[in-house]
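This briefing goes through one protein model by topic. Please view the sequence and the coordinates alongside the text.

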Amino acid sequence: MKSNYPYVLAVISGLIVPFIPEIEPLPITRGFIYLFAGGLFGFLWPKESWRWGAWIVGPIFGLTGLSVLFAGQLDIFLKKDLPILLAAIIAACLGSFLLARFKNNRTKGANK
C-alpha cells in the first residue's frame, strides 16, 4: 500500500514557504527556496520526479486563483503575481526533476 504522507508534506511545505517571515516576494529568493524544497522531495522520493513541484506549488496556485475569482483584479494578478508563481513552479519542478535524476543515476551506478 502506498503512503500519502509525502504528498501531505509537499502540500504543507508549499503553503509554508510564502509565509516565511521577512522574505519579500522576490522571484529569485523564493525561487531558490522552491528549488531546494522540490530538490529535497525529488531526492527523497525520486519515483515522482518533477511532479513534486506541482504538489508543492499547487496549493498556492489554488489560493491565488480563489483570490482572483472572489476579489477580482485580474490585471494586477497577470502583471504582478503570475510571474512570481511561474518562477516558483519552474524552480520547484526543476529542482525535483534534477535531484530525482541524480538519485536514480546514482542508484543505477551502485547496482552495476
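The model is a predicted one. Its largest nonpolar core has 18 residues, and by the rule applied here there is one salt bridge.

**Helix 1**

- Helix 1 takes in residues 5-16, which makes 12 residues.
- At 1.5 Å a residue, helix 1 should span 16 Å, and the distance of 16 Å between its end C-alpha atoms agrees with this.
- The buried residues Pro6, Tyr7, Ala10, Ser13 and Gly14 belong to helix 1.
- These residues lie on the same side of helix 1, because the arc they cover around the axis is only 130 degrees.
- An α-helix has 3.6 residues a turn, so residues three or four places apart point the same way.

**Nonpolar core**

- Within the largest nonpolar core, the residues with the most contacts are Ala10, Tyr34, Phe41, Trp52, Ile56 and Val57.
- At least two residues of this core come from each of helix 1, helix 2 (27-44), helix 3 (51-71) and helix 4 (74-111).
- Helix 4 gives the most, with seven residues.
- Ile56 is in contact with Ala10, Ser13, Gly14, Tyr34, Ala37, Gly38 and Phe41, leaving aside its neighbours within four places in sequence.

**Ser96 and Gly53**

- Ser96 is part of helix 4, and Gly53 is part of helix 3.
- Ser96 has a relative accessibility of 0%, so it counts as buried.
- Gly53 is likewise buried, with a relative accessible area of 0%.
- Leaving aside neighbours within four places in sequence, the contacts of Ser96 are Gly38, Gly39, Gly42, Ser49, Trp50, Trp52 and Gly53.
- Gly53 and Leu35 are 18 residues apart along the chain, and their C-alpha atoms are separated by 8.6 Å.

**Salt bridge**

- Side chains of opposite charge can pair when their charged atoms come close.
- Arg51 and Glu48 form a salt bridge, in which the closest N and O atoms are 3.8 Å apart.
- The separation of 3.8 Å falls within the 4 Å cut-off for a salt bridge.
- Arg51 has a relative accessible area of 39% and is therefore partly exposed.
- Glu48 has a relative accessible area of 12%, so this residue is buried.

Terms used: Residues are numbered from 1 along each chain as its sequence is written. This is a predicted model: local features need pLDDT of at least 70, side-chain atom pairs count only at pLDDT 80 or more; totals for chains, interfaces and linings use all residues. Side-chain values use heavy atoms; hydrogens and water are left out. A salt bridge is a side-chain nitrogen of Lys or Arg within 4 Å of a carboxyl oxygen of Asp or Glu. Buried means under 20% relative accessible area, exposed over 50%, partly exposed in between (1.4 Å probe, protein chains only). Helices (H or I, at least four residues) and strands (E, at least two) are DSSP runs, numbered from the N terminus. The expected span of a helix is 1.5 Å times one less than its number of residues. The arc is that of the directions from the helix axis to the C-beta atoms. A nonpolar core is a set of buried Ala, Val, Leu, Ile, Met, Phe, Trp, Tyr and Cys residues joined through side-chain atoms within 4.5 Å. Contact means heavy atoms within 4.5 Å.
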